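Okay, everyone, thanks for coming. Let me put the structure up, and then I'll walk you through some of its local features.

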Amino acid sequence: MVARAYCNKILRLSGATQDLPKSMICNVHGVNPKFLEVGERIAAERESGQQSFSKGAYFLGKMVWAKGYRELIDLFAKHKSDLEGFKLDIYGNGEDSHEVQSTAKKLNLNLNFHKGRDHADDSLHGYKVFINPSISDVLCTATAEALAMGKFVVCADHPSNDFFQSFPNCLTYKTSEDFVAKVKEAMTRNPQPLTPEQRYNLSWEAATQRFMEHSELDKVLNNNNSDCSSSTECANSTDKKMMRKSASLPNMSDVVDGGLAFAHYCLTGNELFRLSTGAIPGTLNYNKQHSLDLHLLPPQVQNPIYGW
C-alpha cells in the first residue's frame with residue numbers, strides 16, 4: 001500500500017528482495033576504484049609473465065552464521081573426502097566467531113581462521129579464488145570486489161548473484177556436488193582478465209548510469225534542459241506542455257494510488273488507529289525535546305491547531 005501510494009518507481013538491487021508494486025530489478029551498486037586498480041595491476045603482471053596468484057582460496061565476511069558460514073560448514077562437512085587436501089582461509093570477526101571455529105574444529109575441517117581485515121588489504125591480493133556460499137545477501141559487495149580484482153568467484157546459483165553470472169570468472173553451483181566441481185575447476189585454471197566493458201560494469205559510474213536509465217531521471221533532466229532557440233519558443237513550449245497536462249485525464253491506476261495515499265494519510269494521523277496497530281503512545285508528533293535535539297521548530301509551530 002505504501003509503495004503504491006508514495007513511490008513512482010522502486011529499484012531492487014536483486015531478485016532476493018521483496019517484490020513490490022512498481023518495482024524492477026537493477027543493480028545500482030558499484031565497487032571502490034581501488035579494487036579495479038588492483039585488477040588492472042594483476043592483469044598487467046600476468047601479461048608480463050609474472051605469477052600474480054600465489055595463494056589458493058579464501059572467504060571473507062562478518063563471522064555470523066547468517067553470513068554464509070552455516071552453508072560453508074555444511075558443504076565442507078558433507079564433502080570432506082572430496083575436498084581432501086583443499087584448504088580454505090577465512091577472514092572475519094563477529095559474535096559467532098567462537099561457535100563457528102569450534103564447529104569447524106570438531107568436524108576436523110580444513111578451514112584456517114584469521115582476524116577480519118579490509119578486502120583491499122595487500123595480503124589478500126594473492127588469492128586466486130573467492131568462495132562465497134552465502135544466500136542471505138541482497139547483493140554481496142565482497143563478490144563484486146573479488147571479481148573487480150580479477151579473481152575467480154565460486155558462489156551459489158541464487159537471485160542475489162544474478163548480476164555476477166555474466167562475468168566469466170563467476171562460477172555458480174546449484175548442488176553441493178556442483179560446488180566441489182566448481183572449486184576444483186577454479187583451482188586448476190587461471191581466471192580470465194576483465195575486459196574494459198566488464199570493468200566498467202562494476203564501477204560506480206556504470207551503477208549511476210543504470211540508476212539514471214532505470215529510474216528515467218535522465219529523461220526528466222533531458223526534457224527540462226532541452227535547448228530553445230529563443231525565449232518565445234521556450235514560452236510557447238511551456239504553454240503547450242501545460243495544455244497537454246491539463247487536457248490529459250489521470251488513468252485508473254493513478255486514481256487508485258491517490259486514494260491509497262489519502263487513506264494512509266488519514267489512518268496514520270489518527271491516534272486511536274495507530275495505538276490499535278501497536279504504535280507507541282505519544283509518538284504521532286515529535287515533542288519539545290526532539291525539536292531541541294534535532295534543531296527543529298517547536299511542536300507548537302509545526303502543529304498550531306493541536307499544540308497551543
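So, of the 308 residues in the chain, 34% are buried, where buried means under 20% relative accessible area, exposed means over 50%, and partly exposed is in between, with a 1.4 Å probe and protein chains only. Keep in mind that this is a predicted model: local features need pLDDT of at least 70, side-chain atom pairs count only at pLDDT 80 or more, and totals for chains, interfaces and linings use all residues. Residues are numbered from 1 along each chain as its sequence is written, and side-chain values use heavy atoms, with hydrogens and water left out.

On secondary structure, the chain has 15 helices and eight strands. Those are DSSP runs numbered from the N terminus, with helices being H or I of at least four residues and strands E of at least two. As for contacts, meaning heavy atoms within 4.5 Å, take those between residues at least 6 apart in sequence: 62% of them join residues at least 24 apart.

Let's go to the aromatics. How many aromatic pairs does a search of the whole structure find? Ten. The criterion is that rings of Phe, Tyr and Trp (its six-membered ring) pair if their centres lie within 6.5 Å; planes under 30 degrees apart are stacked, over 60 edge-to-face, and the rest tilted. One of them is Tyr 58 with Phe 130: the centres are 5.1 Å apart and the planes sit at 55°, so we call that pair tilted. It links distant parts of the chain, with Tyr 58 in strand β3 (residues 55–60) and Phe 130 in strand β6 (residues 127–132), 72 residues apart. Tyr 58 and Phe 130 are both buried.

Another pair is Phe 76 with Phe 86, where the ring centres are 6.0 Å apart and the planes are at 25°, so this one is stacked. Phe 76 is in helix α3 while Phe 86 is in the loop between α3 and β4 (88–91), so the pair ties together parts ten residues apart in sequence. These two, Phe 76 and Phe 86, are buried as well.

There's also a cluster: ring pairs link Tyr 58, Phe 59, Tyr 69, Tyr 91, Tyr 127 and Phe 130.

The arc is taken over the directions from the helix axis to the C-beta atoms.

Two residues pick up from there. Ser 176, in helix α6 (residues 176–188), is buried at 13% relative accessible area. Leaving out residues up to four places away in sequence, Ser 176 touches Leu 75, Lys 78 and His 79. Then there's Asn 110, in the loop between α4 (97–106) and β5 (111–114). Asn 110 is partly exposed at 33%, and its C-alpha atom is 8.2 Å from that of Phe 76, 34 residues apart along the chain.

Now α8, residues 204–215. At 1.5 Å a residue, its twelve residues should span 16 Å, and the end C-alpha atoms are 16 Å apart, which agrees; the expected span is 1.5 Å times one less than the number of residues. Which residues of α8 are buried? Ala 206, Ala 207 and Arg 210. Down the axis of α8, those fall within an arc of 100°, so they line one face. They pack against α7 (196–201).

Last topic, backbone angles. Most residues other than glycine have a negative phi. Just after α8, though, Glu 216 takes a positive phi of about 65°. Glu 216 is in the loop between α8 and α9 (217–224) and counts as partly exposed at 36% relative accessibility. His 295 has a positive phi too, about 55°, although it is not a glycine. His 295 is in the loop between α13 (288–294) and α14 (299–302), and it is exposed, with a relative accessible area of 72%.
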